[in-house]
Amino acid sequence: MSIPPDAAVREMTGSAAPPRRNGELVFEAPWQGRAFGMAIAVVERLGLQWKDFQQRLIAAIATDPERPYYDSWVTALEQLLLDYRVVRPDELR
Amino acid sequence: MSEHDDDHHHPRPISPVEARAQALEQLLEEKGLIPPGFIDAVVTAYEKDIGPMNGARVVARAWIDPTYRTRLLADGTAAIAELGFGGPEGNHLRVVENTPAVHNVVVCTLCSCYPWPVLGLPPTWYKSAPYRARMVREPRVLLREMGLALPESVEIRVWDSSAEIRYMVLPERPAGSETLSEEDLAALVTRDAMIGTARL
């Protein structure tokens, strides 16, 4: 697979832009790095476009702008998996 | 996130969102959507190429600026803050300097305490039980297995990171690099050299 879709991630701007310091991605904890990798993996494995995830991330942030960025990230990923019927609602925590 | 987010020395409840992320990862693996190791590969691409860049800049600056080097060895946290790096996981950073006679290597025997702001995500092996146990017991043997054969005359110092103090190695400046720019020097510095499992 082509990891990572650097260009696509770089193009995420505005509310959907990941936290950065000096232009580089910043993870505050290991699980955030894994959640980041999980989204990239899911998009690749399902053969989706990065924008399919990005649109849900933007929507998740808009729903609750005060929520920490990677909380919205996980919410968006869950939504993507639900929408594509990869997981069922009862399987999610 | 809390101040002690990576602090397994004192067991902490994981946050709800972290639990959701873990459950999701497990679910996707069970469904075979993501083969084991797949996410690691993605994370590896980032941990190798992105996070350690900060540490590499710190090292390059210390090589070209002796006063910065002095400040870095005296107070790592304050010195990396000068370059704009820091945050909870960079607090209480201590930088230890390699010399021709002394080689330093970092481990976290209890979990995986690691200076995120300068080194990015820790490599998978850093968290493995064999690395954590053997680096303390037989560092010379383990380093050799990892590709770094040190002469018997070189003293090996093993630093055990914890939530209280996290360590980073200041590697020796490679011979022949006298004419390189700070940027070019930074490009020479690898993550493993800053953990101490490699030399430059």
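In chain B, Val58(B), Arg61(B) and Ala62(B) of α3(B) are in contact with Tyr68(B), Arg69(B) and Leu72(B) of α4(B), contact being counted when C-beta atoms placed from the backbone lie within 7 Å. The model is predicted, so local features need pLDDT of at least 70 and side-chain atom pairs count only at pLDDT 80 or more, whereas totals for chains, interfaces and linings use all residues. Residues are numbered from 1 along each chain as its sequence is written, while chains are lettered from A and ligands numbered from 1 in the order of writing.

**Chain B**
- The contact of α3(B) with α4(B) comprises four nonpolar, no polar and two charged residues.
- Helix α3 (residues 52-64) of chain B packs against helix α4 (residues 66-74) of chain B at about 125°, and their axes are 5 Å apart.
- The crossing of α3(B) past α4(B) is left-handed (the near helix is turned anticlockwise from the far one by less than a right angle; clockwise would be right-handed).

**Chain A**
- Helix α3 (residues 50-63) of chain A and helix α4 (residues 69-83) of chain A pack at an angle of about 125°, with 8 Å between their axes.
- That angle makes α3(A) oblique to α4(A), and α3(A) passes α4(A) in a right-handed crossing.
- Among the residues of α3(A) in this contact are Phe53(A) and Leu57(A), and those of α4(A) include Trp73(A) and Leu80(A).
- By class, the contact of α3(A) with α4(A) has seven nonpolar, three polar and two charged residues.

Technical notes: Axes fitted to C-alpha atoms, helices over the stretch in contact; angles between N-to-C directions. Helix = DSSP H or I, 4+ residues; strand = E, 2+ residues; numbered from the N terminus. Parallel < 35°, antiparallel > 145°, perpendicular 65-115°, else oblique. Contact = placed C-beta atoms within 7 Å. Nonpolar A, V, L, I, M, F, W, Y, C, P; charged D, E, K, R; others polar.
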